[in-house]
Amino acid sequence: MVEHSLVIGVDGGGTKTDACLARIGSDNEERILGYGQAGSSNVKAVGEDAALANLLTAIDEAWSQADLAQETVPLAVFGLSGAGRPETQAMIAAWAKQHKIAEQVRVVHDALPVLIAGTPTGQGVALIAGTGAVAFAANQQNHTAVSGGWGYWFGDEGSAFWLGQAAARAVSQSADGRTSPTLLTAAIMDRLQITEPRELLTALSRDHSVRGALAGLAELVTDCAAQGDVTAQGIVTQAAEQLAALVISAAEKLDLGDTFPLALAGGVACGSTAIREGLLERLNTLRVTPSSVTVVSRPVLGCVRMANRELTDQPN
């Protein structure tokens, strides 16, 4: 390894993109030089042009914060949601090389850096519950398995989008008189600055992304649940059950057994104590007891660690 190598890590999700510029010292220590942030870089969610523009913005900001002149670094690791297909990975890698971001580019599943950052040896299960939801497992033989991550059209159960959609559905059904009144009605109307539930669809449509607008309602569900709203509490319980099912399904695919390290990331998993506790309670009910539970608030640091290990030829 060239001493004092610069590396770039990028964590791209359905809501935001985090970039990190780091220096790897001769002692393999990772020194963070600058961070950058931009909007979503999920190609499936925002399209290729917007995703690439946000990637570039985040990387440029990381260089700017480091107060260094940009150069081509030896290695960049991109952990991106929506980049599971080989053709998308190849497109991202080609774009990065065209913009002289790095000599070598790795595009990986966005949950892999979470697993690297949040487990002792890079084996176990990583659960990302943010705008979307996916579980990713790896074993000692470096075999991997994925559960969830199907996207919001017919998947992403337990995600911020799913929570927001469930809340909007509850409000519409309550307004019709099909279900009991819920605190979610006033909370959502206040958030969207509307005067009656029938304006809900129009208000959500004003956002450039209805998916993002619905995901933005997720915190209202946990807020109302904390106030004792039965409808919101039911949604929280269902979300925890769905997320637990993702974890168990991914673990079973690799025969990890009932005990394994668990790493959590994403706005829902990191930001909601109620859902996190509900997830662990549900796992315990099903006799699954993680050997460790780590909340990974900055998955981009897992990308940096992956770059470091590749440059120093260390095993994951």
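I count two elements as in contact when heavy atoms lie within 4.5 Å. My helices (H or I, at least four residues) and strands (E, at least two) are DSSP runs, numbered from the N terminus. Axes are lines fitted to C-alpha atoms, for helices over the stretch in contact, and angles run from 0 to 180 degrees between N-to-C directions.

**Ground rules.** This is a predicted model, in which local features need pLDDT of at least 70, side-chain atom pairs count only at pLDDT 80 or more, and totals for chains, interfaces and linings use all residues. Residues are numbered from 1 along each chain as its sequence is written, and side-chain values use heavy atoms, with hydrogens and water left out.

**Entry 1, sheet with strands 1 to 5.** I started with helix 13 (residues 300-311), which lies across strand 1, strand 2, strand 3, strand 4 and strand 5 and runs at about 140 degrees to strand 1. Two strands pair if DSSP finds at least two bridges between them. Here five strands make an open sheet with mixed pairing, in the order 3-2-1-4-5. Strand 3 (30-39) and strand 5 (102-109) each have a single partner strand, so one side of each is left without a neighbour in the sheet. From one strand to the next, the twist averages 15 degrees. I then checked strand 1 (residues 5-12) against strand 2 (residues 16-24): they pair in the antiparallel sense over eight bridges. Glycine 12 has threonine 17 in strand 2 as its bridge partner. Helix 4 (residues 111-118) also packs on this sheet, touching strand 4 (73-80) and strand 5, and its direction makes about 90 degrees with that of strand 5.

I found glycine 82 in the loop between strand 4 and helix 3 (86-98). Which residues is it in contact with, leaving aside neighbours within four places in sequence? I get Asn42, Lys44 and Thr88. Histidine 109 is 27 residues away from glycine 82 in sequence, and their C-alpha atoms are 8.3 Å apart.

Strand 6 (residues 124-129) pairs with strand 7 (residues 133-138) in the antiparallel sense, over six bridges. The bridge partner of alanine 129 in strand 7 is alanine 133.

Threonine 222 sits in helix 9 (residues 218-226). Is it buried or exposed? My cut-offs are under 20% relative accessible area for buried, over 50% for exposed and partly exposed in between (1.4 Å probe, protein chains only). Threonine 222 comes out at 18%, so I log it as buried. Not counting residues up to four places away in sequence, threonine 222 touches Val236, Ser272 and Ile275.

I looked for disulfides (pairs of cysteine sulfur atoms within 2.5 Å) and the structure holds zero. Cysteine 270 is in none; its nearest cysteine sulfur, that of cysteine 303, is 15 Å away. Cysteine 270 is partly exposed at 25% relative accessibility. Cysteine 303 is buried, at 0% relative accessibility.
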